[in-house]
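Colleague: Please take a close look at one part of this model for me: the helix pair and what surrounds it. Start with the term we need, then go through it piece by piece.

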Amino acid sequence: MKKYWHVLNIGIQNNLTYRFNFLARTLFGLIPLIAVIYVWRTIFEGKGHDSVVGTYTLAQMISYYY
């Protein structure tokens, strides 16, 4: 019975490791996206309401990165 508990324990640890890895990749993958959106919002705020940079509005620029 002890060996079954050991196998179960290893399986749980394995699943938790990969779930944490997935969560960490997701969170750290969103950080650059949020930073780029923040930079573009700052650029567009400096130009005024309904401004255009090149041929893109803020909504178009954000949708490009999504």
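Modeller: A helix here is a DSSP run of H or I, at least four residues long, and helices are numbered from the N terminus. Keep in mind that this is a predicted model. Helix α1 covers residues 2-47. Helix α2 covers residues 58-65. The loop between α1 and α2 holds T55.

Now the packing. Two packed helices are described by the angle between their axes and the distance between the axes. For α1 and α2 the angle is about 165°, and the axes lie 10 Å apart. Angles over 145 degrees count as roughly antiparallel, so α1 is roughly antiparallel to α2. The crossing of α1 past α2 is right-handed.

Next, some pairs that link sequence to space. Take I43, a residue of helix α1. From I43 to A59 is 16 residues in sequence, and the C-alpha atoms are 13 Å apart. I43 has a relative accessible area of 35%, so the residue counts as partly exposed. Buried would need under 20%, and exposed over 50%.

G11 also sits in helix α1. What separates G11 from I62? Along the chain, 51 residues; between C-alpha atoms, 41 Å. G11 is partly exposed, because its relative accessibility is 28%.

T55 is exposed, at 65% relative accessibility.

Last, the surface of the part. Which residues make the nonpolar patch? M1, Y4, W5, L8, I12 and L16 do, and the patch spans about 730 Å². L8 belongs to helix α1. At 45% relative accessible area, L8 is partly exposed. Patch members need over 30% relative accessible area, so L8, at 45%, passes that cut-off.

To put the part together: α1 and α2 run roughly antiparallel, with axes 10 Å apart. T55 lies in the loop between them. L8, in α1, is one of the residues of the nonpolar patch.

Notes
Residues numbered from 1 in each chain as written. Predicted model: local features only at pLDDT ≥ 70, side-chain atom pairs only at ≥ 80, totals over all residues. Heavy atoms only, no water. Patch = residues over 30% accessible without salt bridge, like charges linked within 9 Å, V, L, I, M, F, W, Y side chains within 5 Å. Areas by Shrake-Rupley, 256 points an atom, 1.4 Å probe, with all protein chains shown as cover. Salt bridge = Lys/Arg side-chain N within 4 Å of Asp/Glu carboxyl O. Helix = DSSP H or I, 4+ residues; strand = E, 2+ residues; numbered from the N terminus. Buried < 20%, exposed > 50% of the residue type's maximum accessible area, 1.4 Å probe, protein only. Axes fitted to C-alpha atoms, helices over the stretch in contact; angles between N-to-C directions. Parallel < 35°, antiparallel > 145°, perpendicular 65-115°, else oblique. Left-handed = near helix turned anticlockwise from the far one by under 90°.
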